[in-house]
Amino acid sequence: MSRQHLTPLFTGVRQHAEKQPIQFHIPGHKQGAGMDPEFRQFIGENALAIDLINIAPLDDLHHPNGIIKEAQELAAEAFGADFTFFSVQGTSGAIMTMIMAVCGPGDKIIVPRNVHKSIMSAIIFSGATPIFIHPEIDENLGISHGITVNSVEKAIHAHPDAKGLLVINPTYFGISGNLKQIVEIAHSYQIPVLVDEAHGVHIHFHPDLPLSAMQAGADMAATSVHKLGGSMTQSSILNVKEGLVSPKRVQAIISMLTTTSTSYLLLSSLDTARMQLATKGEALLEEAIRLANDARKEINNIHGLTCVGKDILGTRATYDMDPTKLIISVRQLGISGHEVELWLRKNYSIEVELSDLYNILCIITLGDTKEKINKLVDALRQLASEKEIQPNRDHKPVSVPDIPTLSLSPRDAFYADTEIVPFSKSAGRIIAEFIMVYPPGIPILIPGEIITTDNLQYITENLSNGLPVQGPEDESFNTLRVIKEHKAIQ
Ligand SMILES: Cc1ncc(COP(=O)(O)O)c(C=O)c1O
């Protein structure tokens, strides 16, 4: 009989707290008694009673052999993994663990160019050399999708000695590539596939959602349970399939990257979220998908707004999509997604997940109701009626800069001596900082790359088109930080 209804970690922590032990250990607030009363009252006694530490009855995330081990084993079973590791350092911690588990100094790792900053941090920590693949750009929406089977084939063919392939699946916008085929290609070269599944914890639990990393046969997946799976912010998991990666090494590395004071609130919430997903996830997701599809239909009936659905599928990079993500294009209203975000906040107290030049992104989850979604649709209807529709609004094409030559590893660039030079005189120098344009969120330059006049032109063009170029210390772009050159002593 399935044991997925059990919550060994939460139950163990709760029963311990209910015994009201006399505590002579940290945390020193002692179930809230030593805490500011206003805060204590606000967050509640129960939360404080289980804010505990790794005393023997509660197991230890660093060497699990009790209730944490049991909870991790149940999670592995639920996610189809061989091993699951709980992370209290978010998905960022799980991503850094994945990369550091397969890469050492000088090793190559194939990654899409539009990666989350935790991936670049791990590349700097490990000393690995990134081999970048351009993600596909959606000219219509002005966003980037994932990488294609074709580009993975080319990258692996050119770098068969890579120690890993990292894939973002699904993307922030809920689009996924043909992960199964990508995994098959990588595995034919014995290259492990590491999946950034920050936006896909739920996809494993409903047949109408894209294939999860574990279903596609990937070796590791860093999965944000806290984003879409019902656990508390900061709690994530790292799923591992044994074979090309060593679970023992993964355990050692995640432990190196993790606080010794792990939060039992976060850990317990992972245990209960897994139980909920495994036992009721399909039914709850069925409802979320229905709500999202109804909302999509209503939004598409509003003049001036579009909300893409399955019609986006069929290109090289759009193999499947998660319908619970509402990508609402506001281009025809003649205002930016960012302006819509501000308008919704001011007029309706509605907060969106993200906005960019052309879109807002709203996510529908296990926690939504028809009433809340009606409010969003009403607000969007009101917004559209106030704005003048501009059907042929000039849409600046999203171009992609050439990938510059990497002359130093990002790690060497990070630790090198640096200096500030005028932006206009920086061509030929090695950049020491990140510069990216968002959307589509692809770095133009990463530390260690040689700046070209093309890059500088691209940055200037984007800035003059009003696109948000981000990254450097000097936000005015008058100067850039580069690696110091040492002149010969005469
Ligand atoms: C694609 C992607 N990967 C990784 C992360 C990191 O997740 P976390 O915030 O849990 O560390 C995020 C966070 O937004 C993300 O969008």
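In the predicted model, the side chains of Glu 473 and Arg 481 meet in a salt bridge, with a distance of 2.9 Å from N to O; a salt bridge is taken as a side-chain nitrogen of Lys or Arg within 4 Å of a carboxyl oxygen of Asp or Glu. Glu 473 counts as exposed at 54% relative accessibility, whereas Arg 481, at 22%, counts as partly exposed. In these assignments, buried means under 20% relative accessible area, exposed means over 50%, and partly exposed lies in between (1.4 Å probe, protein chains only). Elsewhere, salt bridges that share partners join Glu 298, Lys 370, Asp 378 and Arg 381 into one network. A search of the whole structure finds 18 salt bridges.

The model is predicted, so that local features need pLDDT of at least 70 and side-chain atom pairs count only at pLDDT 80 or more, while totals for chains, interfaces and linings use all residues. Residues are numbered from 1 along each chain as its sequence is written, and side-chain values use heavy atoms, with hydrogens and water left out.

In helix H1, Arg 14 and Glu 18 are four residues apart, about one turn of the helix, and their side chains form a salt bridge at 2.9 Å from N to O. Arg 14 is partly exposed, with 43% relative accessibility, and Glu 18 is exposed, with a relative accessible area of 53%. In helix H11 (residues 264–300), Glu 287 and Arg 290 are separated by about one helical turn because they are three residues apart. The closest N and O atoms of the salt bridge between Glu 287 and Arg 290 are 3.0 Å apart. Glu 287 is partly exposed at 35% relative accessibility, and Arg 290 is likewise partly exposed, with a relative accessible area of 41%.

The ligand site was examined next. The ligand is surrounded by Gly 90, Thr 91, Ser 92, Ile 95, His 116, Asp 196, Ala 198, His 199, Ser 224, His 226 and Lys 227; a residue is assigned to this shell if one of its heavy atoms lies within 4 Å of the ligand. Helix H5 (90–102) and helix H9 (225–228) each supply at least two residues of the shell, and the largest share, four residues, comes from H5. By class, the shell has two nonpolar, seven polar and two charged residues. For this classification, Ala, Val, Leu, Ile, Met, Phe, Trp, Tyr, Cys and Pro count as nonpolar, Asp, Glu, Lys and Arg as charged, and the others, Gly among them, as polar.

Polar contacts are pairs of N or O atoms within 3.5 Å; within protein, one atom must be able to donate a hydrogen and the other to accept it, and residues adjacent in sequence count only if both atoms are side-chain atoms. An oxygen atom of the ligand lies 2.8 Å from a polar backbone atom of Thr 91. A ligand oxygen is also found 2.7 Å from an N or O atom in the side chain of His 199, and a distance of 2.7 Å likewise separates a ligand oxygen from an N or O atom in the side chain of His 226. Of the 390 Å² of accessible area that the ligand has on its own, the protein covers 80%; accessible areas come from the Shrake-Rupley method with a 1.4 Å probe, and for residues only the protein chains shown count as cover.

Within helix H4 (residues 67–79) lies Gln 72, which is buried, with a relative accessible area of 8%. The side chain of Gln 72 reaches the backbone nitrogen of Phe 86 at 2.8 Å. Contacts of Gln 72 (heavy atoms within 4.5 Å) include Leu 61, Pro 64, Thr 84, Phe 85 and Phe 86, with residues up to four places away in sequence not counted.

Backbone geometry was considered last. Most residues other than glycine have a negative phi, and most peptide bonds are trans. A cis peptide bond joins Ile 26 and Pro 27, with omega about 0°, and Pro 27 is found in the loop between helix H1 (8–18) and helix H2 (37–43). Asn 169 and Pro 170 are also joined by a cis peptide bond, with omega about -5°; Pro 170 lies in the loop between strand S6 (164–168) and strand S7 (175–176). Asp 59 has a positive phi, near 65°, and is buried at 5% relative accessibility.
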